[in-house]
Amino acid sequence: MSAHTAPEPAPTGGTGQRRFRVHHLAEAKARGERITMLTAYDAVTARIFDDAGIDLLLVGDSIGNTMHGHATTLPVTVDDLIPAARAVARAARRAFTVVDLPFGSYEAGPEQALATGVRFLKEAGVSGVKLEGGRRVAPQIRALTDAGIPVVGHLGFTPQSENLLGGPRVQGRGDDAAERLSEDALAVAEAGAVAVVLEMVPVEVAARITEILLVPTIGIGAGAACDGQVLVWTDMAGMTDWSPRFAKRYAEIGAALGQAAADYAADVRAGTFPDEAHSFTR
């Protein structure tokens, strides 16, 4: 942009609000305004959530469980996530878009993490990345941040480590575990993370971490004291017969979609669809 070119106005979503950016995270925490986050894996749902005013859209490696039929997130690759992230980033006019660094794409060290992060920003057009872990990934967070890539941390139950953790279990119970989790949160924030997801953490521990961090916490099964909340959208919308204890089902979209498909099949078999209103004439 030349010195004589005026900056373009920030794009707005269906709510008429300006694009949600990194500095809005800190501002929301300072004002005590709750931050909203949902997962999204395609343009259609991303646009719906964006128009609904959701602040952050996470292209999570939960795509492995929810969309690809895997039992865990571990098989998900960067190549799996790039098309989904690209679709979400293109559809979002207001929300801040974040993508997970999948298992195996950052653990080797800062250089690997940076290469993965750069690829996501260049090829998918997202605004930031998320990665799991505490002090052990602080160098990766610092490298990404130094390169201008916003990072969201993820502590508590970290699905990529579920084999080591013994499955989806609450983390941070007991004084020692709570202290280690708090130290990890501080290390992640000091390394440059712009927010920290706390998953399946006792409410008291999450409240303490929220109090000591300058950056916002975003809870999922971590209680109401966090600065924001995130849910996997298929859990939130009731897309399956089961959802985790911490996920409130705000609709039963799965049942409604199944009924719509059954009604369509019945009309086709009865010969009542397509009718005149849905056909063309010469």
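**Close-up views of a predicted model**

**View 1. Ser243 and its polar contact with Arg249.** Ser243 sits in the loop that runs between helix 10 (233–236) and helix 11, helices being DSSP runs (H or I) of at least four residues and strands (E) of at least two, numbered from the N terminus. With 16% relative accessibility Ser243 counts as buried, where buried means under 20% relative accessible area, exposed over 50% and partly exposed in between (1.4 Å probe, protein chains only). This is a predicted model, in which local features need pLDDT of at least 70 and side-chain atom pairs count only at pLDDT 80 or more, while totals for chains, interfaces and linings use all residues. Residues are numbered from 1 along each chain as its sequence is written, and side-chain values use heavy atoms, with hydrogens and water left out.

**View 2. The salt bridge between Lys29 and Asp227.** The two side chains meet at 2.7 Å, N to O, a salt bridge being a side-chain nitrogen of Lys or Arg within 4 Å of a carboxyl oxygen of Asp or Glu. Lys29 belongs to helix 1 (residues 22–31) and Asp227 to the loop between strand 7 (217–220) and strand 8 (228–231), so that distant parts of the chain, 198 residues apart, are linked. Lys29 is buried at 17% relative accessible area, and Asp227 is also buried, at 10%.

**View 3. The salt bridge between Arg135 and Glu183.** The closest N and O atoms are 2.9 Å apart. Because Arg135 lies in the loop between strand 4 (128–132) and helix 6 (138–146) and Glu183 in helix 8 (residues 175–190), the pair ties together parts that are 48 residues apart in sequence.

Note on methods:
A polar contact is a pair of N or O atoms within 3.5 Å; within protein, one must be able to donate a hydrogen and the other to accept it, and residues adjacent in sequence count only if both atoms are side-chain atoms.
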